[in-house]
Amino acid sequence: MIEQELQTEVKRRRTFAIISHPDAGKTTLTEKLLLFGGAIRLAGEVKGRKVGKFATSDWMEIEKQRGISVTSSVMQFDYQGYRINILDTPGHQDFSEDTYRTLVAADSAVMILDAAKGVEAQTIKLFKVCRMRNIPIFTFINKMDRYGKEPLELLEELEEVLGIRSCPMNWPIGMGDEFSGIYDRQYNRIERYAVGEKPEREFLTLGAEGIENESLKGQLAPGQWEKLYEDVMLLDIAGDPFDREKILKGELTPVYFGSAINKFGVQTFLESFVELALPPSPRHSTVGDVPVDHPFSGFIFKIQANMNPAHRDRIAFLRVCSGKFERGMNVDQVRTGKKLRLSQPQQFLAQDRNIVEEAWPGDIIGLHDPGVFQIGDTLGLNCDFQFDRLPQFSPEHFARVFNMNTSKYKQFQKGVEQLVEEGTIQVFKTVGRAAEEMILGVVGELQFEVFSFRLQAEYGAQIRLERLPYQLARWIKSDQPIQPEKLSSLSSITTRDQQGNYVVLCESDYDLHWLEEQNPDLIFAESSF
Ligand code: G4P
């Protein structure tokens with residue numbers, strides 16, 4: 001009975017994260033997706049909540065001052081029988097290692113590009129993490145209601161900058177003021193662009209003639225049909241054909257065009273996405289792949305402090321990987337060998353929390369954390385395996401840290417330890433120097449402020465940070481014993497991470513290339529795996 005229910009629940013799950021550069025339209029698209037799923041009724045609710053709720057909270061002065069959300073959420077809704085989990089990836093100033101780790105818990109990614117800007121810096125970083133995991137990547141090219149780059153140029157950019165082949169599922173007709181819709185290659189129809197709150201989409205079914213359909217020719221502005229015909233011929237002859245296998249392996253990205261703010265193209269995208277994307281699949285562990293029908297198991301991918309200002313608690317986010325989760329379950333925490341009762345699991349919609357009675361593979365649940373969980377922890381029913389450890393990703397900002405109050409040294413140490421466990425910061429210890437130094441690394445600059453604030457607020461420790469000029473970290477890999485002295489240069493430093501791996505911190509790409517040239521037998525990896 002439960003096996004059957006499990007198969008049904010797994011089959012309808014779609015768990016994904018959205019990757020984009022700030023301002024490409026992630027919030028807007030998320031909001032429209034929630035709207036189609038009936039999860040919210042009013043446009044503006046996602047953003048409104050984000051700012052409104054946190055503005056009244058005292059959780060972080062930083063948030064209040066900047067009007068941004070340091071925290072991020074998980075959103076769940078139903079669409080046409082599918083259960084969709086969107087993992088929000090913090091993206092503005094709150095870009096951090098959490099953003100990367102969220103991608104480790106997702107089964108696929110939706111990449112949003114602003115049609116005028118193409119592939120931007122933050123998108124490249126996030127794309128690399130998705131590539132590492134070979135998860136399917138769906139591309140939504142947004143803001144077609146504005147004048148942007150030529151669609152063919154955007155496809156070229158995907159290939160040249162990101163190195164991924166693309167297959168347009170639909171194609172825009174005009175752009176900006178002349179934008180009149182999309183030609184849907186998948187369903188052989190035209191979807192007309194209309195601004196406003198029209199509830200229904202308007203289609204023109206093309207039939208056997210395809211885009212040579214006479215009534216289409218009559219409906220487009222002068223020159224638009226010819227341009228569409230030319231582009232589509234070129235795609236048919238020179239473009240990559242649709243290949244689901246390649247899409248699922250992350251080798252080919254299906255591309256959709258639209259205008260999120262006008263809801264245009266979003267529902268069409270969603271329908272195609274739920275059909276093409278994969279449900280949760282087996283995840284690798286110390287005993288090999290764990291199938292989704294194994295008894296309950298999951299792993300912690302994010303720990304977040306003080307989401308609710310009324311309780312100074314932490315929430316650990318667990319991705320369910322196998323089996324049915326039920327509230328009140330006694331599970332094993334494999335790292336410590338302890339049994340834990342999960343009595344108050346929570347689920348999320350935008351920023352609201354509800355107690356969850358059950359969850360299935362692909363779902364994310366929030367667990368109250370009195371300080372017992374670590375990033376990467378495996379929890380499970382009668383569980384004796386651990387899922388693969390989560391990699392650490394290269395920080396971009398580094399600083400030395402000094403404890404300013406010697407009588408609070410213990411609190412300082414405890415605070416640093418806890419914040420490392422939560423994944424707020426990474427710690428590197430210098431090697432080959434007279435006195436070992438502690439260097440902190442963060443992916444997003446704001447994490448330094450969060451770190452200082454929390455050490456003071458929660459541990460009573462006062463610190464001083466001295467910023468260092470390094471901009472990237474590379475994990476050194478080799479079959480041979482590593483000789484750290486060979487890794488020194490004027491503008492880099494050799495360290496070890498928490499696990500004892502050698503890591504070099506460099507001031508620039510130029511320094512890194514120099515080191516790579518000097519050490520051709522070593523691998524300089526962007527993440528710890
Ligand atoms: P983000 O979460 O990726 O950072 O982007 P967000 O959705 O906040 O969108 C960034 C800006 O782009 C917003 O304008 C938003 O209204 C606009 N935008 C999103 N989708 C489209 C689209 O399809 N067409 C056009 N023309 N604009 C779009 P803003 O002025 O910064 O904010 P707001 O005052 O409109 O909220």
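Q: Two strands pair if DSSP finds at least two bridges between them, so which residue is the bridge partner of Thr-430 in S29?
A: Thr-495 is the partner of Thr-430 in S29. This is a predicted model, where local features need pLDDT of at least 70, side-chain atom pairs count only at pLDDT 80 or more, and totals for chains, interfaces and linings use all residues. Residues are numbered from 1 along each chain as its sequence is written, and side-chain values use heavy atoms, leaving out hydrogens and water.

Q: How many bridges join S25 to S29?
A: Two, between S25 (residues 426–430) and S29 (residues 492–496), which run antiparallel. Strands (E, at least two residues) and helices (H or I, at least four) are DSSP runs, numbered from the N terminus.

Q: What's the strand order in the open sheet of eight?
A: S27-S24-S26-S25-S29-S30-S28-S31, with antiparallel pairing. S27 (463–468) and S31 (523–525) are the edges, each pairing on one side only.

Q: Which strands does H13 lie across?
A: H13 (residues 446–459) lies across S24 (397–403), S26 (438–442) and S27, running at about 165 degrees to S27. Axes are lines fitted to C-alpha atoms, for helices over the stretch in contact (heavy atoms within 4.5 Å), and angles run from 0 to 180 degrees between N-to-C directions.

Q: Switching to H1: which residues are buried?
A: Leu-6, Glu-9 and Val-10, in a helix covering residues 2–11. Buried is under 20% relative accessible area, exposed over 50% (1.4 Å probe, protein chains only).

Q: Why do they line one face?
A: Seen down the H1 axis, they fall within an arc of 95 degrees, so they line one face. That arc uses directions from the axis to the C-beta atoms.

Q: What do they pack against?
A: Strand S1 (13–20). Gln-4 and Lys-11 are exposed on the face turned away from the buried side.

Technical notes. Two strands pair if DSSP finds at least two bridges between them.
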